[in-house]
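Let us take a walk through this structure together, going from whole chains down to single residues. Have your viewer ready and follow along.

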Amino acid sequence: MADIHSVIGTKNKKGQTYTDTWKLMNEAPRTPSFFTGSEVIKEALRRASCDVMIAYPITPQSEAAALIGELFAEGYIGDYFRGESEFAVMSQCAGAAFGGARVFTTTAGPGTMRAMENFPMWSGARLPIQMIVTCRGINSPLSIQPDTLEIAYLLNTGMLVWHAETAQDFFDWILKGYMVSEEPDVHLPLALCCDGFFVTHTKDVVNLTPADMCLPPYDPYRSPVPCMDMECPPVRMMRDPFVMKSNYISYATHASWQQEIWAAVERSRKHSIHWLNGLIDTENTDAEIIIVASGTAVSQGREAIRLLEDEGVRCGLVKVKTLRPWPEEEIREATKNAKHIFVPEFNVTGWLAKEIKATISNPERVHAGPRVCGGMTMPPEIIVSEIKTALGMKTFSLAGRGS
Amino acid sequence: MSDYRVLPGPEHFLPPAAASMGICLPNPGEAHINGVIAPEEKAYEEAARQFLMAKVPTIFPGPLVLWAWNEKAAKKATAVRHLFNTLVECVQPGQKPMLIPMPDYRPKYPKINPEVEINPNHPNLTIWHNRIDCCMFIGVHCHQANLSLKIIRGGTSCYTIAMCAQAGHEDAMLSFRDASVEKIMKLADTVKRLKGTVQPRLASANNGVSS
């Protein structure tokens with residue numbers, strides 16, 4: 001067993017230098033590149049010292065999965081294959097992670113839902129798998145378009161859940177994500193979400209770290225559970241007495257196991273703050289009006305703030321980067337001066353607004369919207385309109401006909 | 001900082017994980033005592049004091065030190081044996097140090113023999129049976145250690161110490177981190193140094209067991 005620190009400065013089989021991750025992310029030179037989000041996933045993975053990537057095709061993640069196949073062909077990934085379905089993929093990811101591999105997968109929408117049974121299993125088994133979720137519609141009638149409803153289902157799986165706004169977030173967070181989720185006191189899977197198409201299929205300037213530098217390899221010997229011990233939980237899943245017996249001790253053991261998973265989510269807070277420079281980003285939090293958003297709704301909120309400034313309305317912004325761990329204290333602090341809190345979202349239920357209402361005092365300050373879903377875009381003007389309406393200012397309808 | 005304190009129980013029917021109550025793990029060079037971050041030097045003193053006070057001070061070595069899976073593990077096992085021998089030398093008549101292994105994590109219902117082993121899924125059985133009032137976990141995988149430490153806090157009055165090779169354990173009443181042979185030896189040295197200066201609580205230990 002080699003100490004991970006001992007490999008820093010040495011080269012892998014592709015000639016990449018294993019680099020201290022903090023130096024790689026914060027000190028290494030960056031090259032501006034004009035890439036789609038899918039291409040950025042590939043470039044991040046090129047530098048991630050990933051052992052195994054498994055996926056099943058589903059729009060809008062298929063392109064990223066296919067591009068990673070090219071990485072495999074080039075020799076950057078240890079193993080790569082297509083599973084029989086998303087459920088199979090996530091089970092296969094578990095097997096690879098149980099065996100001590102650094103594992104990566106991508107999915108979207110109905111694929112996420114089909115694979116759902118595996119996610120609490122991953123977290124219960126303390127498997128630090130990274131899963132990219134390129135969010136899209138999940139309900140019938142079919143929609144492949146952007147919609148973030150699937151994130152709501154991931155929030156209580158025990159996984160870490162981060163929501164990227166841009167392709168740059170994506171690039172950095174894929175690499176940093178492994179650093180957080182592989183900490184022995186965390187050691188949980190990470191669902192790194194983005195809004196499908198808006199991020200995956202649009203081009204943006206992304207500053208990339210050098211391609212000849214890569215993350216240190218995963219060290220499975222730091223795992224908080226034994227690596228692939230077929231006789232012990234969590235590998236020995238279903239026939240264990242503490243799962244199957246009906247008595248106080250077996251229930252208490254299982255309950256304590258669940259508590260430990262959520263304790264690990266809490267512990268990820270410190271590491272996430274360290275790597276992401278905080279769980280939220282803020283602008284103008286002394287303003288009486290604050291927009292709180294995650295994903296690409298942040299970008300739309302930022303543009304709405306610019307439009308409002310032109311009309312003399314000052315507005316602040318909170319970008320929520322991590323949904324699990326949930327930045328409770330940070331949001332409370334950032335919104336303490338706000339009289340009105342607007343939460344624009346790309347889903348029908350408004351799960352982010354519900355989380356925020358449950359977090360802050362005087363939740364009647366929260367205006368749970370505007371919301372769009374099913375693939376609709378969210379013009380900044382509708383955020384502006386929502387805010388002006390709440391303030392009693394005159395606004396115009398964006399509905400077009402009939403107005 | 002959280003007002004919650006990690007104290008000997010019995011705490012609750014289902015006590016919370018300390019991390020969910022706002023207790024944070026120490027940074028390198030630190031330890032925690034009752035959930036409050038403390039200098040590591042202070043933790044050596046407190047751990048030694050707790051050992052010397054206890055009626056049945058016990059070390060629970062786990063698989064990571066019980067099996068000679070690498071050279072470091074074998075050296076740690078030797079250091080653990082040295083710590084135990086030091087305890088035996090330093091306690092007063094009436095105190096009964098024990099060394100009880102946690103060889104693996106397989107649930108062993110209903111036949112665990114609490115005199116010879118401890119199991120992470122029902123550690124309270126071993127604590128209760130042997131009336132252990134102070135214990136130290138070492139070489140136990142972190143997830144299993146947290147599971148055990150929380151169950152012990154829930155159902156017993158045992159004082160728990162973790163000598164963790166990784167980031168430490170909030171669910172112990174006292175936790176070291178980055179455990180090494182040197183740290184185990186230093187704890188043994190501290191026990192030796194404090195020998196005779198600590199009054200054992202021989203009459204009061206009942207480990208949460210109803211009499």
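What follows starts with the overall build of each chain, then turns to the contacts, and ends with two residues. Please keep in mind that this is a predicted model.

Of the 403 residues in chain A, 52% are buried. Looking at contacts in chain A with a separation of 6 or more, you will find that 79% of them join residues 24 or more positions apart.

How does the radius of gyration of chain B fit a compact globule? For 211 residues such a globule would have a value near 17 Å, and chain B has 16 Å, which agrees. The C-alpha atoms of chain B fill a box of roughly 40 × 40 × 40 Å along the principal axes. Buried residues make up 53% of the 211 in chain B. Among contacts in chain B with a separation of 6 or more, residues 24 or more positions apart account for 67%.

Now let us see where the two chains touch. Chain A brings 28 residues to the contact and chain B brings 24. On the side of chain A, the elements that give two or more residues are α10 (241-244) and α11 (248-276). Of these, α11(A) gives the most, with 13 residues. Sorted by class, the side of chain A that touches chain B holds 15 nonpolar, 3 polar and 10 charged residues.

Chain A also has a contact within itself. The domain assignment gives domain 1 (7-222) and domain 2 (280-390) of chain A, and the C-alpha centres of these two domains lie 27 Å apart. Domain 1 of chain A puts 21 residues into their contact, and domain 2 of chain A puts in 20. On the domain 1 side, α8 (149-154), β7 (160-163) and β8 (190-195) of chain A each give two or more residues. The most come from β7(A), which gives 4. This side of domain 1 of chain A has 13 nonpolar, 5 polar and 3 charged residues.

For a closer look at helix packing, find α3 (residues 37-46) and α4 (residues 62-74) of chain A. Two packed helices are described by the angle between their axes and the distance between the axes. Here the axes of α3(A) and α4(A) come within 8 Å and cross at roughly 35 degrees, and the crossing is right-handed. From α3(A), the residues S38(A), E39(A), I41(A), K42(A), L45(A) and R46(A) meet E63(A), A64(A), L67(A), I68(A) and L71(A) of α4(A). By class, the residues of this contact divide into 6 nonpolar, 1 polar and 4 charged.

Finally, zoom in on two residues of chain A. C193(A) is found in strand β8 of chain A, one of the elements on the domain 1 side that touches domain 2 of chain A. Is C193(A) buried or exposed? With 26 other C-beta atoms within 10 Å, C193(A) is buried, because the cut-off for a buried residue is 20 or more. Beyond four places away in sequence, C193(A) touches V133(A), C135(A), I151(A), V161(A), W162(A), H163(A) and A164(A). C193(A) and R324(A) are 131 residues apart in sequence, and their C-alpha atoms are 12 Å apart in space.

P189(A) lies in the loop between α9 (167-181) and β8 of chain A. P189(A) is buried too, with 31 other C-beta atoms within 10 Å. Leaving aside neighbours within four places in sequence, P189(A) has contacts that include F119(A), W122(A), L127(A), I129(A), M131(A) and M159(A). P189(A) and H367(A) are 178 residues apart in sequence and 32 Å apart in space, C-alpha to C-alpha.

Definitions and conventions. Residues are numbered from 1 along each chain as its sequence is written. Chains are lettered from A and ligands numbered from 1 in the order in which they are written. This is a predicted model: local features need pLDDT of at least 70, side-chain atom pairs count only at pLDDT 80 or more; totals for chains, interfaces and linings use all residues. Domain bounds come from an automatic or database domain assignment. Two residues are in contact if their C-beta atoms, placed from the backbone, lie within 7 Å. Ala, Val, Leu, Ile, Met, Phe, Trp, Tyr, Cys and Pro count as nonpolar, Asp, Glu, Lys and Arg as charged, and the others, Gly among them, as polar. The radius of gyration is taken over C-alpha atoms; the globule rule is 2.2 Å times the number of residues to the power 0.38. A residue is buried if 20 or more other C-beta atoms lie within 10 Å of its own, exposed if 12 or fewer, and partly exposed in between; C-beta atoms are placed from the backbone. Axes are lines fitted to C-alpha atoms, for helices over the stretch in contact, and angles run from 0 to 180 degrees between N-to-C directions. A crossing is left-handed if the near helix is turned anticlockwise from the far one by less than a right angle, and right-handed if clockwise.
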